Amino acid sequence: MSDIVSATADYEGWLGRAIPLVAEDLVVKHAELASSELRFLRGTYYFWLRQTAALLPAVLAAPPVPLVGDLHVENFGTWQDRHGVRRWGVNDLDELGRGPYTADLVRLATSCVLCPHIALAPADICRILLASWLEARPGHAVALDDAHHLRQLLPPPRSPERYYATLTAGAPAKVPAPIAAAVADSVDGPWHPSWHARRAGTGSLGHARYVGVDGHEAREAKQLGPASAEWAGVAGFTADPALYDQLQHALRGPWPASRIDGWQLRRLAPDVLRIEIDALARHDVERVLRSMAQAVADVHGVDAAALATARADASSRPPGWLADAVETMASDTRVAWRDWARPVRLGEDGGG
């Protein structure tokens, strides 16, 4: 039996000593982790790191690259860059650092395998992701005007009126003055927002998160914490504070977005969308997976020499290494999810 319950208690105690946590949001997070295997994977990166290091030490003995870290199938979406161009790529870099390239590939492929109703077998998922990552030419994130296959799969934008009204539904909040000032500097023209608590995401539930809204302009401020790899104590994962700005520039990332004093600031808008792949036809899933591999290569390729070394290592590994690693981690994740979900469900059922 996995020790997910005790590991989570230990991790949250460690995190709570570094940043203040929102207790009510942690309760919600714990319930959400029980809702599905994929949601569990999304919310337990700290545990994933420890388990991967224990189960797949040879896989993690790989050259380091700029690493997304907490990568999964729902960590891709759209944004507008500083020139107003809509782009699509990796859109959550909370755990950004340097680490073995294999960590991103195994975690992304495992999340796809755990995605319900996906129209591909695990071996096909691994084959497509690895081959596309090896072949991709790194560059800035794809512009949607040049990617009809992605644009046609996006859901329609949400109603602005309904979207911004939803953002103001949270309780009024007081934001630290330096953070509020930094947000104000990112807005063109007058800015007289109302600030509200916001609950979103999975892995970051429990972190302080606020949204400022003024008409049809919104900014989110989310407090980050120390890297999960510090808690897991996994060798080969290192922090690199300069990476975030490097990626923002190289990938033509979301604008405005920045980090200040341990907080992540970004624009929120109804046209920030995500493609859901679990109900797509097989050929559409294949195309999205290739685009995901390209987006991962874009991140890794910010350090061109590191990516070249990583690709040489991947090409030297035995056939099927990624599929074997994913089978191991998918199985371990399912066991841990059942261990977590069972007491939650017993509590809902009143025991028995």
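Modeller: Contact here means heavy atoms within 4.5 Å. This is a predicted model, in which local features need pLDDT of at least 70, side-chain atom pairs count only at pLDDT 80 or more, and totals for chains, interfaces and linings use all residues. Residues are numbered from 1 along each chain as its sequence is written, and side-chain values use heavy atoms, leaving out hydrogens and water.

Colleague: Among contacts between residues at least 6 apart in sequence, what percentage join residues at least 24 apart?

Modeller: The protein has 15 helices and 10 strands, taken as DSSP runs (H or I of at least four residues for helices, E of at least two for strands) numbered from the N terminus. Of its contacts between residues at least 6 apart in sequence, the share joining residues at least 24 apart is 78%.

Colleague: What percentage of the 352 residues is buried?

Modeller: Buried is defined as under 20% relative accessible area, with exposed over 50% and partly exposed in between, using a 1.4 Å probe and protein chains only. By that criterion, the buried part of the 352 residues is 52%.

Colleague: Which residues of H13 make the contact with H6?

Modeller: The axes of helix H6 (residues 101–114) and helix H13 (residues 282–300), which are lines fitted to C-alpha atoms over the stretch in contact, with angles running from 0 to 180 degrees between N-to-C directions, come within 11 Å and cross at roughly 155 degrees. On the H6 side the contact is made by Tyr101, Asp104, Leu108 and Cys112, and on the H13 side by Leu289, Met292, Val296 and His300.
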